Amino acid sequence: LALFQATSNNFGAFDVPNLSGLTYLYKLDARDDHFAQSLRGRGRDFSSVSLVERTPQSGVSHGATNATALLLNYNNLSGPLPANIGFSKLSYLAVANNKLTGPIPPSIAHMQDSLLEMLLINNQLSGCLPNEIGMLTKTTVIDAGMNQLTGPIPSSFSCLSSVEQLNLGGNSLYGQVPDALCKLAGPAGRLANLTLSGNYFTSVGPACSALIKDGVLDVKHNCIPGFANQRGPAECASFLSQPKTCPAASARVACPAADAKINAAAPEGRVAKDYSSYVVYATLHE
């Protein structure tokens with residue numbers, strides 16, 4: 001089995017097919033259905049849908065998958081993302097508008113040679129924004145907005161040379177918006193849309209200031225002095241006075257070797273594509 005599409009189904013509690021161990025599974029599409037509810041009714045969790053991993057003993061357990069696309073938006077899924085999901089071969093990961101909790105697994109870095117789009121928007125993911133996301137040098141869309149993520153933006157995000165759409169809005173991120181990240185909207189990268197609204201950032205550098213003027217960077221509802229449409233002083237002081245446990249962003253970072261073909265294909269201007277131009281974002285607008 002290479003393709004399993006079961007949108008708008010009405011699987012009963014005893015009719016859910018077992019999709020584990022499918023070596024050639026290429027795509028799983030089970031959006032807008034009762035699939036996840038049936039799984040939970042049988043005591044099975046999100047990782048049981050199609051996620052399998054290869055263990056050192058060549059056994060099989062839940063976590064990673066050989067599928068290329070995992071599209072599970074709007075499915076009322078709960079629980080954490082599998083810790084070993086990064087050992088998948090996914091090019092498209094879309095689990096938007098669910099109830100997923102816990103951190104973004106550091107194993108995500110292992111997808112650096114395959115992942116093109118990652119859509120985690122509108123869940124309940126928490127913990128520090130992981131440094132490993134910055135290793136995804138082939139990824140064009142990263143949307144982790146509307147979660148409960150915290151911490152500064154890691155310096156490794158300056159390595160996202162292929163990213164075109166980056167949304168981290170609606171979280172609890174803080175510190176300075178890295179100028180190295182904003183420079184990805186120049187000749188060094190492809191960034192056309194950077195959303196950081198609804199956080200607690202306190203400063204931006206000159207490259208970021210230029211993006212704000214150009215409409216590329218959205219920093220509304222933060223704590224940046226002198227900027228319009230920011231949070232109130234009391235709200236900012238209350239958040240910033242709380243203990244912070246996430247590691248500080250390092251001054252310098254070594255980026256993975258860039259793909260020459262991808263860099264050569266970088267657009268000349270910073271023109272944001274329509275959502276329908278992206279495989280993952282299109283699944284939210286059908």
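Q: What should I know before I read anything into it?
A: It's a predicted model, where local features need pLDDT of at least 70, side-chain atom pairs count only at pLDDT 80 or more, and totals for chains, interfaces and linings use all residues. Residues are numbered from 1 along each chain as its sequence is written, and side-chain values use heavy atoms, with hydrogens and water left out.

Q: OK, how many aromatic pairs are there in the whole structure?
A: Four. A pair here means Phe, Tyr or Trp rings (the six-membered one for Trp) with centres within 6.5 Å; planes under 30 degrees apart are stacked, over 60 edge-to-face, and the rest tilted.

Q: How do Y275 and Y281 sit?
A: Their ring centres are 4.6 Å apart and the planes are at 85°, so that pair is edge-to-face. Y278 and Y281 also pair edge-to-face, with centres 6.2 Å apart and planes at 75°.

Q: Is Y281 buried or exposed?
A: Buried, at 4% relative accessibility. The cut-offs are under 20% relative accessible area for buried, over 50% for exposed and partly exposed in between, using a 1.4 Å probe and protein chains only. Y278 is buried too, at 3%, while Y275 is partly exposed at 37%.

Q: Which residues form the aromatic cluster?
A: Y174, Y200 and F239. K244 lies over the face of F239, 4.6 Å from the ring centre, and over the face of Y174 at 5.5 Å. That call needs NZ of Lys or CZ of Arg within 6 Å of the ring centre and within 35 degrees of the ring normal.

Q: Switching topic: how many residues are in the largest nonpolar core?
A: It has 46, and L93, M118, I133, F157, L166, L168 and L196 have the most contacts inside it. A core is a set of buried Ala, Val, Leu, Ile, Met, Phe, Trp, Tyr and Cys residues joined through side-chain atoms within 4.5 Å.

Q: Which element gives the largest share?
A: That's α3, with three residues. Elements are DSSP runs numbered from the N terminus: helices are H or I of at least four residues, strands E of at least two.
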